[in-house]
Amino acid sequence: MRLNLIMAGLLTIMGTGAALAATPGISDDVIKIGVMTDLSGPYSATGGRGSVVATEMAVAEFGGEINGKKIEIITADHQGKPDIAAGTARKWLDVDHVDVITEINNSAVALSIYNLAKEKNALVLATGPASDALTYTSCIPTGIHYTYDTFAFANSSVNGLAQTGKKDWFMIAADYAFGKAGEEATRAALAKVGGKVVDGLKFPLNTTDFSSFILSAQSSNASIIGLVSAGADTVNAIKAAKEFGVTQIVAPQFLFIQDVHALGLETAQGVVFGTAFYWDRTAETRKWSEEFYKRMNQTSMPSQEHAGQYSAVYQYLKSIKALGTDDARAIVADWRGKPINDMFAQNGHLREDGRFVHDMYVAKVKSPAESKAPWDYYDIIATVPGDQAFRPMDQGKCDLKAQALGK
């Protein structure tokens, strides 16, 4: 009997040890964040160094460590090339033991990272890309699409302009995943309001001369010239429209405060568009943005991408502190189980398809006379509840159950 009791005790201890061993903690005793961004190309102003600064600000909130485990940040320039990005990400995961890959402000690059993350069961916080394919047919169990997407932007601009009676569009779209998704989202939104795309053209990333595109759109007599572009491409297209005296409404689907700054209020005034963030919207956004501005040596207020990057990394670290683990699936499960609110996200919640749903805003660019200070560029004229801004999940094609079965 004594022997049996001893054996039972040993089995209990062994079982407890096995259970503890099966519970993941902080892998490699370091929390390593990989910021994959555009450091030198057309999206470097809206992401780039600012996204690294935003990440540093989130890490600083935790004093650079969690439960005695150091938080490290490594960065890489994806150069807008999916193969380069995937190669870097594979090294990060296999050799450098990166725990989460973040930012990825290029949709084609993001899709390549998602494919790798699915294979490696790695966590991705996609704060920079816009293609809604990331929560559609390309969704993965450990991917979180955080800041915005093409559906939400298209929904906002199409419906706002339809209320003025303008429903016929000429589309000028980037010739890669983001542009395709943006145009498809615009067509879907137009169909709901009885509108249509009369014609369109595709342009290569980092185009400097939009003359032929704008002239074709101008001759189409469409009421609206829709731009599915970002960064320098958007700026160059709007400048070309002004140069050729376009009288149609130019409606950029994807506009950042850095774009408005580059254009100047004289050119950009009156533009109405959807945005996930504006630095001067509340006392809380102002406080955070002024600190960001200081860290950027007063060169730029934060874009919506920068704010989303800070929020996503902050919430990620907050979950690690609460759970005691950096396990990808544990983090995702934690986010799905609670509402998320912070400086960036209002009424935020994570859906099963990886879409982080939160309120969006409709902004109108001020005239030079209305602007009272540097970077005082927007009037927020409406709030769009997240469940209305983003595509309903039952209209998507994300099937994580099929993925789990290997289908």
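Which hand does the crossing of H3 and H4 have? The crossing of H3 and H4 is right-handed. Keep in mind that this is a predicted model.

**The disulfide**

- With a cut-off of 2.5 Å between cysteine sulfur atoms, the count comes to one disulfide.
- The partners are Cys 139 and Cys 398, and their sulfurs sit 2.0 Å from each other.
- This link brings together distant parts of the chain, as the two cysteines are 259 residues apart.
- Cys 139 belongs to the loop between strand S5 (123–126) and strand S6 (143–145), while Cys 398 belongs to the loop between helix H14 (386–389) and helix H15 (400–404).
- If you look along the S-S bond, the angle is 95°, and the link of Cys 139 and Cys 398 is right-handed.
- Cys 139 has a relative accessible area of 3%, so it counts as buried.
- As a reminder, a disulfide is a covalent bond between the sulfur atoms of two cysteines.

**Helices H3 and H4**

- Helix H3 spans residues 82–94 and helix H4 spans residues 107–120; their axes come within 9 Å and cross at roughly 30°.
- Angles under 35 degrees count as roughly parallel, and that makes H3 roughly parallel to H4.
- On the H3 side, the contact uses Pro 82, Ala 85, Ala 86, Ala 89, Arg 90, Leu 93 and Asp 94.
- H4 answers with Ala 108, Val 109, Ser 112, Ile 113, Leu 116, Glu 119 and Lys 120.
- Sorted by class, the residues of this H3 and H4 contact are nine nonpolar, one polar and four charged.

**Helices H5 and H6**

- Helix H5 (residues 150–162) packs with helix H6 (residues 177–192) at an angle of about 40°, and the axes are 8 Å apart.
- H5 and H6 are therefore oblique to each other.
- The crossing of H5 and H6 is right-handed.
- H5 brings Thr 150, Phe 151, Ala 154, Asn 155 and Val 158 to the contact.
- From H6 come Phe 178, Ala 181, Gly 182, Ala 185, Thr 186, Ala 189, Leu 190 and Lys 192.

- You'll find Ser 44 in the loop between strand S1 (30–37) and helix H2 (48–60).
- Its relative accessibility is 25%, so Ser 44 counts as partly exposed.
- Setting aside neighbours within four places in sequence, Ser 44 is in contact with Asp 38, Leu 39 and Arg 49.
- Ser 44 and Gly 231 are 187 residues apart along the chain, and their C-alpha atoms are separated by 8.1 Å.

**Positive phi values**

- For background, most residues other than glycine have a negative phi.
- Asn 121 is not a glycine, yet it has a positive phi of about 55°.
- Look for Asn 121 in the loop between H4 and S5; its relative accessible area is 35%, so it is partly exposed.
- Gln 298 is not a glycine either, and its phi is positive at about 60°.
- Gln 298 lies in the loop between helix H11 (283–295) and helix H12 (304–323).
- With a relative accessible area of 56%, Gln 298 is exposed.

Technical notes. Residues numbered from 1 in each chain as written. Predicted model: local features only at pLDDT ≥ 70, side-chain atom pairs only at ≥ 80, totals over all residues. Heavy atoms only, no water. Helix = DSSP H or I, 4+ residues; strand = E, 2+ residues; numbered from the N terminus. Buried < 20%, exposed > 50% of the residue type's maximum accessible area, 1.4 Å probe, protein only. Axes fitted to C-alpha atoms, helices over the stretch in contact; angles between N-to-C directions. Parallel < 35°, antiparallel > 145°, perpendicular 65-115°, else oblique. Left-handed = near helix turned anticlockwise from the far one by under 90°. Contact = heavy atoms within 4.5 Å. Nonpolar A, V, L, I, M, F, W, Y, C, P; charged D, E, K, R; others polar.
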